[in-house]
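Me: Please take a close look at a single part of this model, the open sheet, and then at the annotated span around it. Give the cut-offs for the terms you use.

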Amino acid sequence: MTTITSLGIGSGLDLNGLLDQLNEAERGKLEPIKLQQTQQKAKISAYGQLQSALTKFQEAAAKVNDPKLFESLSTNVSGGEGVKASASAEANPGRYEVEVVNAARAGSLATSSVAANDQALTGADATLTLTFGKIDPDTGEPTALTLDLEEGATLIDIRNAINASDDAGVTASIVNDGSGYRLALSSKETGQDASIEGLEFTGLVDGVTLDADPVTQREGADAEINVNGIRITSPSNSIEGAIQGVTLNLEPGTEGATSTVAVEQNTRAVREAITGFVDAFNDLKSTIGSLTAYNAETNTAGELNGDSMVRTIESRMRSMLSGGIAGGEFATLNQVGISLQRDGTLELDSDRLDELVSSNMAGLSDFFAGDEKDAGMAGQLNQALDQMLGSNGLVKNTISGAEDRVESLKERYARMEKSIESTISRYRTQFGQLDAMIAQMNQTSSYLTQQFDALDAQLGRGRR
């Protein structure tokens, strides 16, 4: 607020200084409001941290609330390097001996060479016909594709025309063999049917010969494996259906390798999900502890110390975790190797968990996931967390209430500031009037003094 510097000229009093002091004293009334604003904003931030920890715990609970987790299968490959495997939900547990006889490969073929890759090779109505290993069921002949070539096409143009064709089934490149340039073709797919059996040009200019070089021909081949002694072929190195629900991926160059593929329950995923459930709850508990802590030495408290919402959440979580689940083999967390400690955290017995995931996956599924969405322990926790975190839940409503209080304090601050400005303005006016009145009184006093001095002089009296 700007201070009028002319105050005090008439009276000789430090009215500007006095007005500044009054202004400072009046603005001191804003400090409690500012403190409340800071406290409410700190609470909103703390509520956000709590909300985040609750959400992470809900996500961890959702993972163990899925019956498919306890039914999932994994594959383990041992004894060789020729095969990788992955299982889907349709797979069945079992062990399989897989021998790689042949890996699938693509076909390739190159032409004879020409002197330069940019020399014109074709005349009018030139074509290139590619013949493949696949037999046309209607004609009984190998399938073929004919591409029209522009007049004057170079080896580069022919390569580009092949690569631009979606139907060619091959990719083309140019190879310099040291004495000339060749057009090299490679099948896009693997397998016997993808073999490039031949190529033929028509309409080449006089003096140009461009034939298939049989020495460069590499036929495509189907993959061949033995699964428990049963011969299986596939045009691809990714073989589906040889083992129900399992995809086998062969590694080229590993012919003769034998591997054991074991399809078994995915115990690792279950261990990780249950461990994640325990860790997420303990992280939530740690967050609550930090936000509600009190340090007696420094006399400082966490932002949510004594907060009723936090007490409600802790009470509800403790009640659910210490309670039981009806209808299954296991009723409490203790029975599945998870114990509720005195400090409110969870402790996991890894040996007990290993025992259960190896021998009683169904019992774990019943306890955590149940036979319905909200029947198991994780489902009931998820339902409670939904009520807390939902749009009309406890956490959202509490945060909204704090935000409303911040807005109310903001309006209150503005009103108070306006009132202070009005008060200081009134003081300034009054001080101006006082200054003028004292100045006038000083002028009157000075005038009277002069008159009395003049009268004394006329009467021959000097002032003593």
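Reply: Three strands form an open sheet in the order β2-β14-β13, and their pairing is antiparallel. Strands are DSSP runs (E, at least two residues) and helices are DSSP runs (H or I, at least four), numbered from the N terminus; two strands pair if DSSP finds at least two bridges between them. The edges are taken by β2 (83-87) and β13 (238-243); each has a single partner strand, so one side of each lacks a neighbour in the sheet. On average, neighbouring strands of this sheet are turned by 30° against each other, direction ignored (axes are lines fitted to C-alpha atoms).

This is a predicted model, in which local features need pLDDT of at least 70, side-chain atom pairs count only at pLDDT 80 or more, and totals for chains, interfaces and linings use all residues. Residues are numbered from 1 along each chain as its sequence is written, and side-chain values use heavy atoms, with hydrogens and water left out.

Strand β13 is joined by four bridges to β14 (residues 246-250), and the two run antiparallel. Ile 243 stands opposite Val 246 in β14.

As for the annotated span, the unreviewed UniProt entry places "domain: Flagellar hook-associated protein 2 C-terminal" at residues 220-443; such annotations may be inferred rather than shown by experiment. The span is 54% helix and 17% strand, and its end C-alpha atoms lie 120 Å apart.

Asn 382 lies in helix α9 (residues 377-389). The side chain of Asn 382 makes a polar contact with the side chain of Gln 58 at 3.2 Å (a pair of N or O atoms within 3.5 Å, where one must be able to donate a hydrogen and the other to accept it).

Definitions and conventions
Axes fitted to C-alpha atoms, helices over the stretch in contact; angles between N-to-C directions.
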